[in-house]
Amino acid sequence: MRNVIIIGSGCAGNTAAVYAARANLKPLVVGGHEPGGQLSITSLVENFPGFPEGIQGPELVENIRRQAEHFGAEFTHGSVIEADLRTRPFRLNIDGEWQPARTVIIATGASARWLNLPNEQKLIGHGVSSCATCDGFFYRGKKVMVIGGGDTAMEEANFLTRFASEVAVVHRRDDFRASKIMLDRARANSKIKFLTNTVVDDVHDINHGAVTAVTLRNVKTGETWQRDVDGFFVAIGHIPNTKPFAGQVELDDEGYIVDHGNATTNIPGVFHAGDVQDRLYRQAITAAGMGCMAAIAAERFLETEGH
Ligand code: NAP
């Protein structure tokens, strides 16, 4: 019987593991289908306190993992595909094997949202991407497009100008959700062109097995046209990874876990940390902070239960 099973190995899960391990709870961390979480697909992180020169995202999350292992945390590959949180001990189905746990910390994060265009999924990995830092390198001297009007879209557009000859940002409105500083930086970059009030109707060409062009539509005039591109980066936000917990853990209308205060959920003994609940800050440091909170909350819960 595990005292704590932590689901997710991003900044939140790994930090929860450091704290739970140091409290001698011997946590098990289930890595999930995106081990290392969002940090593992970022490049330089410049705003995590303690690193005046910045640190590479994958290195940061790996360091936290090693720190947790140093204190006795165990990591396992695989994902939680089903959860039974109705009775205690809780039970988690990890790739077909049920594991009991006294407490559970859900730190499963949020995954990229897609546009659901007819050909989008067929071209993922062939020009369609949700991660400029992972795939930008392949577009040296090429034309790329970024979809979205938030900070991620601005960040990815700026990053892509290191490689691409031209970056078109396509946004469905003419108001931007992005913070002023990020938007101004993108606007000041001569390689970035903005197409506002514009949506994508489809991405081509599945017959070539590669992205060659997109069909765009102006939402104000209804005009449609094609534009040649080599890379198509979707940066329209994320969907929380809460499927295995739906119907048990209280979720809001977008699927994020509803916080019941101090990292708790509606189920006593089930805690949350990171982007799976946080739709506002979504920073490595806030995820780490919440991982710490969840582990301390789990420790105190176990103590009151006499473990
Ligand atoms: P976001 O702020 O939710 O922005 C998503 C963007 O995608 C919005 O512009 C939205 O348009 C657009 N969008 C959503 N669904 C769409 C659809 N079906 N078709 C077309 N466009 C669609 O997401 P985000 O940019 O990923 O940022 C998430 C959070 O992380 C934010 O809090 C952000 O500040 C933070 N962040 C910070 C940094 C940084 O500080 N370095 C970097 C990245 C992200 P509408 O505006 O019309 O809804």
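I began with a term: a polar contact is a pair of N or O atoms within 3.5 Å; within protein, one must be able to donate a hydrogen and the other to accept it, and residues adjacent in sequence count only if both atoms are side-chain atoms. I noted that this is a predicted model, where local features need pLDDT of at least 70, side-chain atom pairs count only at pLDDT 80 or more, and totals for chains, interfaces and linings use all residues. Residues are numbered from 1 along each chain as its sequence is written, and side-chain values use heavy atoms, with hydrogens and water left out.

**Entry: the ligand**

A polar backbone atom of Gly150 is 3.4 Å from an oxygen atom of the ligand. For Thr152, a polar side-chain atom lies 2.6 Å from a ligand oxygen atom. For Arg173, the distance from a polar side-chain atom to an oxygen atom of the ligand is 2.7 Å. The ligand taken alone exposes 910 Å², and the protein buries 76% of that (accessible areas by the Shrake-Rupley method with a 1.4 Å probe; for residues, only the protein chains shown count as cover).

Which residues come nearest to the ligand? Of the 18 around it, they are Asp151, Thr152, Arg172, Arg173 and Arg177 (near means that a heavy atom of the residue lies within 4 Å). I sorted the shell by class and got five nonpolar, seven polar and six charged residues. Ala, Val, Leu, Ile, Met, Phe, Trp, Tyr, Cys and Pro count as nonpolar, Asp, Glu, Lys and Arg as charged, and the others, Gly among them, as polar. H4 gives the most to this shell, with three residues (helices, H or I, of at least four residues and strands, E, of at least two are DSSP runs, numbered from the N terminus).

**Entry: two helices**

I then checked which residues of H4 meet H5. Asp151, Met154, Glu155 and Asn158 in H4 meet Met182, Leu183, Arg185 and Ala186 in H5 (contact means heavy atoms within 4.5 Å). These divide into four nonpolar, one polar and three charged.

**Entry: the backbone**

The peptide bond from Arg88 to Pro89 is cis, with omega near -5 degrees. Pro89 lies in the loop between strands E6 (80-84) and E7 (90-94). Asp95 is not a glycine, yet has a positive phi of about 45 degrees.
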